[in-house]
Amino acid sequence: MNKTSSLCLLGTLPVGCDEIFRPAVLNLIADLERRFGSRRRELLELRVERQERIDAGELPNFLEETRHIRESDWTIARLPRELRDRRVEITGPVDRKMIINALNSGAKVFMADLEDSNSPTFGNVTEGQLNLRDAVQGTITFEKADGSKVYRLAPEIATLMVRPRGWHLDEKHAQLDGESVSASLFDFAAFMANNAAALIAKGSAPYFYLPKLESHLEARLWNDVITATEQALGLEVGVTKVTVLIETLPAAFEMDEIIYELRDHIAGLNCGRWDYIFSFIKRFRSDENFVLPDRASVGMDRRFLASYSQLLIKTCHRRGAFAMGGMAAQIPIKGDEAANETAMGKVREDKRREAENGHDGTWVAHPGLVPIALEEFAKVLDAKGVTNQLHVMREDVSVTAEDLLAVPKGEITETGLRQNLNVGVRYLAAWLGGAGCVPIFNLMEDAATAEISRTQVWQWMHHHKQLACGQEVTPELVARIQAEELGKIRADVGDAAFESGHFTKAAGLFQELIEAPELREFLTLAAYEQF
């Protein structure tokens, strides 16, 4: 147990992490928690109050009290040169091999993820910080267990950005005065204390992605945390740059305000499309008129998603900020050329749409997709002789609240139900086993896509929706199909892997969550209790 300033780390630190969580680092975490912890908790209470109003029938809308921010002219602070070309960004968890491969991938940026693609075991969280420190110092290596290959950084690598966990999450292995500290503050402070000075010394700076924000007040809290940390570490205020994921429905109505609150630190916004779909389901959980069809049919061509994407571009470019596109979930398929060609065609189409709409860059989850995304953005950017599309103002776009709330039509099918149950159990089993980014059925699944699976089943069942075949989605039907899908998983992975994995526990937890009378806010909150 490490202890300083009443901050205790519970559990044994992995080898090499004592230096990462030295007293100065723990003191910074403790100071930030003492200064900002109560504000965080108050803002989480505001989320609950807003949800109660939505449950009572109130629809989200643009805020009247901040109209002056939306209608006035202002821009963000000047951005550093290394962030002015972000045409392709790769994301992934913070294990050593992933970090090396992602930094070497040819992407412009690597977002090292401590959030949705990282299962937050104490080992993953703390070793992740060690791996990031080694990456910043350029010393990171990884050797296969059999010694057949050693991975090292290439001479030219992607720019590093880090995604800490969201405001709603605690780090229960770090306690201050007997209470768990904010996981956001824990992740952010540890990275800043260990790497900010080294990054600046090499001509770079600390760059972050901020997840799950639901209001400009939460953005204001982040801005205050960043400023306080820069001052505590003796850095120039404003040197830290962040990109905010617009991945909750409430945040889509406050894009201008979020940028404004972070205007000295912000670099752009990102279309976190999978979490956004999850948020859309979750926020309207009580309204049967907002039930979504099969996940596979809800694409970016749907009105509510296309509107959100185009509004993000228009909003960002008006303020001088980058508008980043979303994640393509496909991954290369080995051994099936036809299936791989179809999957890669979907990626190409998605990235072409983003580039032509005016996005400045996009996300991929696999190094094999980097060349495709680079090619599609190069067709647009190189033709104009630019490295970004800040000049594309999209004055043709006019998005209303009705556009953002348009419910897509489509069928709810048994195939969609089975996919949600199968994917949900597979992902949760992997997460409980320490893996937060999992290839399933040729798609890269993380917590966001698993959340869609969970909330869709809950929504269909609790609103007594019918499948396309006419059968009602009842608890009995869901239980029967989940048992069948669990049998398919066992047959697929084999008895030994099934028994040594966490599939039975995952199925029980998933069933408990979808049968609960009230929809739980986050799957990961329930699953984290298992650690």
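Let's start with Lys 212 and Asp 275. In this predicted model, their side chains meet in a salt bridge, 3.0 Å from N to O. The pair links distant parts of the chain, 63 residues apart. Lys 212 sits in the loop between strand 10 and helix 6, and Asp 275 sits in helix 9. Lys 212 counts as buried, at 4% relative accessibility. Asp 275 is buried too, at 5%.

Now look at helix 9 itself, residues 273-283. Of its 11 residues, 11 are buried, so the helix is largely enclosed by the rest of the structure.

Back to the charges. Lys 212 and Asp 275 belong to a network of salt bridges that also links Asp 113, Glu 115, Asp 116, Arg 163 and Glu 247. Take Arg 163 and Asp 113. They form a salt bridge at 2.7 Å, N to O. Arg 163 is in strand 7 and Asp 113 in strand 4, so the pair ties together parts 50 residues apart in sequence. Arg 163 is buried, at 4% relative accessibility. Asp 113 is buried, at 1%.

Which buried residue has no salt bridge? Asp 446 is one. Arg 163 is its nearest side chain of opposite charge, 4.7 Å away. The side chain of Asp 446 does reach the backbone nitrogen of Ala 448, at 2.9 Å. Asp 446 lies in the loop between strand 16 and helix 15.

Last, the surface. Glu 45, Glu 49, Glu 52, Asp 55 and Glu 518 form a negative patch. Glu 45 is in helix 1, residues 23-55. Glu 45 counts as partly exposed, at 46% relative accessibility.

One total to finish: the structure holds 56 salt bridges.

Technical notes. Residues numbered from 1 in each chain as written. Predicted model: local features only at pLDDT ≥ 70, side-chain atom pairs only at ≥ 80, totals over all residues. Heavy atoms only, no water. Patch = residues over 30% accessible without salt bridge, like charges linked within 9 Å, V, L, I, M, F, W, Y side chains within 5 Å. Areas by Shrake-Rupley, 256 points an atom, 1.4 Å probe, with all protein chains shown as cover. Salt bridge = Lys/Arg side-chain N within 4 Å of Asp/Glu carboxyl O. Lys, Arg positive; Asp, Glu negative; His and termini not counted. Charge placed at Lys NZ, Arg CZ, Asp CG, Glu CD. Helix = DSSP H or I, 4+ residues; strand = E, 2+ residues; numbered from the N terminus. Buried < 20%, exposed > 50% of the residue type's maximum accessible area, 1.4 Å probe, protein only. Polar contact = N/O pair within 3.5 Å; in protein donor to acceptor, adjacent residues only side chain to side chain.
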